[in-house]
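Here are my notes for your first read of this model. Keep the structure open and check each point as you go.

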Amino acid sequence: LGLALCAGSLRAMSGAALRYRDYCVIGAGPSGLQAAYFLQQAGRDYVVFERSHSPGSFFALYPRHRKLISINKQYTGKANSEFNLRHDWNSLLSHDRRLLFRHYSRDFFPSADTMVRYLEDFASLLKLQVQYNTAIVHVTLERDEQAWNGHYFLLTDQDKQNYKCSSLLVATGTWVPNVVNFPGSEYVEGYETVSINPEDFAGQTVLILGRGNSAFETAENILGVTNFIHMVSRSRVRLSWATHYVGDLRAINNGLLDTYQLKSLDGLLEGNLEDLAIVKDEKGKLHITLRFYLENRNTSAVINSITLPQDELDNFATRAPYDRVIRCLGWKFDFSVYNRSLRMMPGKGDKKKYPQIKPSYESRGTRGLFVLGTASHSVDFRKSAGGFIHGFRYTTRAVHRLLENRHHGVPWPSTAYRITQLTNSIIKRVNEASGLYQMFSVLADIILLRENATAFEYLEEYPVGILDELEMQTGRKAPNGLFVIIMEYGRNFSGADKDVFYYNRAVGEAQHAWQSNFLHPVIYYYKRLPTEHEMRLRPPDWPLPRPDAVHHIVEDFLTDWTAPNAHILPLRRFLENCLSTDLRNFFAESCFLFAFTRKKLPPFCQQGYMRMQGLVGSEGLRRHAVEAGLLEDYSLTDFSGDKPPDSHKGSQDQLLRDQVIQVHPLQHLVNAKDE
């Protein structure tokens, strides 16, 4: 009995020590705080674990030279806050206008210290539930059929405190430095610890391993004080303006390209880093050789007994000794804290630094485990902005909406409109939506058609990779077909080897819109929801399977798709062809005429005029329409003299004989002269 009581007491103590939350978020960086904001707004039970004493600990150290490469554009010429987010790459989404990054810095490329202060304010002003100084060191599963996902997540911190969660959101980013091991790699300094004082490099010769922004950022800092800098990487340099990928080399850091191509001693080399070896001479100089020269030798042998490449090839590129070698190879995800039961596996190839996840951002190995922020970049790696704040603030919101539908029965937000508003709704979104603009080819607006195409539902920023799961993931039905609105670059316009400044690179004519190169809206039409099989077999590099119809809105130099003839009229005609209906707006006179001469009225007349709704006319409006040639001037008809008072019948006959469709002059979305 005593043993039984003791065991029961221990179990009670263990249960008391296990703290439960519906949602656990690991990491209080930008994506973790963004997730916390949405959970708090929805009134959910959650907690954020942060290993440091304040949010955004990554930015407290990186970038080492303290200048961010995310733009902070103060002025756009517009007051539309949604549009302005297209050019604000640092703000998180919230209802509080004080938490726009432009209130924290006026610099186009702001300081990382400002980002730290911004994240601290975001967490404190919104009163987010963040538990600081809590490092989660182990995560495992506890099977339970009663749990949301068939199991609970058990988390343990550095003090052996245990936590239990129904859903786990991993927002730790990628913070473990990538390291390449080769003979002599012990002489290499890491980006995370190397000095940032240029004077420490005065008169030195430096070799940098890597070719990303951290490598060029390091080179830029010491460019003016070194003898020369060489940079080695396995791949050629990729310029962001050529690839249209913001993670590639940005112009703010590419000074070394100038000094290389303008013959000022610095240079770039390509080679497999794992084939290298470094040997140190008696003066402390570092010599580059190849691994196979050392395979059958004692690596501690003096340099005079080691064969160097220049002994066989006297013009070997890296024959000059170096004073320092710096590793700038980026970061990878920390898999070490996750138990094998979670099956958190690294990706393949270039994506091996990220965990494997589905297009819904849910782990491929464990239901209920979602990866947010930079660590989720495998979904759109080297394609869109999902690895950066201006991208993952929208994907985090998408994950929250998926969770709301799955666990709380809250359908994906949508707005219902009459079909007459279809063209307007699309034009409005493609001209101001920031989520579509930043997460091009990844997030899309979905238009679900109602029966007989009399109305539609509009869903914003849904992940296109799970389009086949739309009904299950959103709680919305799509039995009558749908439109998918997405932003895309031209098929062959982006790439490290592309000349993006060639003559006649832009398309200006609507009939050539499908050849547009720059970012532009594309509308896909499906008569039914694509299946999983069709999604898997879609053409390479296509974000979506082959549609029943597709329309490109021609690219625009100002990214302003409101030109009546070039942008709106072709779109309206495309929509009309897909729906077999007339989407124009009409004067009451035209609707009156159609009521007597057509079997079916246009939707605008059905939903407006026939219900005694619409714009009330005036003499000024009528005069404007007459002068524009949109209406006949019936006021000139002579009703006096020999004609009786009811002789206005002649005017009615004239109206009935007039088969010209009259268009509303104030409807700027319609070409007034096109019938």
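1. Start with a term. A charge sits over a ring if NZ of Lys or CZ of Arg is within 6 Å of the ring centre and within 35 degrees of the ring normal. Keep in mind that this is a predicted model.

2. Now apply that term. K78 lies over the face of F83, and the distance to the ring centre is 4.3 Å. R51 gives another case: its charged end sits over the ring of W175. Here the distance from the ring centre is 4.0 Å.

3. Next, rings with rings. How many aromatic pairs are there? The count is 30 aromatic pairs, with ring centres within 6.5 Å as the rule. Take F58 and F59. Their ring centres are 5.9 Å apart and their planes stand at 85 degrees, so this pair is edge-to-face. The cut-off for that label is over 60 degrees.

4. Are F58 and F59 buried, or partly exposed? F58 has a relative accessible area of 30%, so F58 is partly exposed. F59 has 15% relative accessibility and therefore counts as buried. The cut-off for buried is under 20%.

5. Turn to E461. Where is this residue found? E461 belongs to strand β19, which covers residues 455-463. Its relative accessibility is 2%, so E461 counts as buried. Leaving out residues up to four places away in sequence, E461 touches a list of partners that includes R397, R429, Y394 and W412. Also among them are E82, D445, L436 and L443. Find these side chains on your screen.

6. Finish with D107. This residue lies in a loop, between α4 (81-84) and α5 (112-125). Is D107 buried or partly exposed? At 45% relative accessibility, D107 counts as partly exposed. Now trace the chain to K67. D107 and K67 are 40 residues apart in sequence. In space, their C-alpha atoms are 10.0 Å apart.

Key: Residues numbered from 1 in each chain as written. Predicted model: local features only at pLDDT ≥ 70, side-chain atom pairs only at ≥ 80, totals over all residues. Heavy atoms only, no water. Phe/Tyr/Trp six-rings, centres within 6.5 Å; stacked < 30°, edge-to-face > 60°. Buried < 20%, exposed > 50% of the residue type's maximum accessible area, 1.4 Å probe, protein only. Helix = DSSP H or I, 4+ residues; strand = E, 2+ residues; numbered from the N terminus. Contact = heavy atoms within 4.5 Å.
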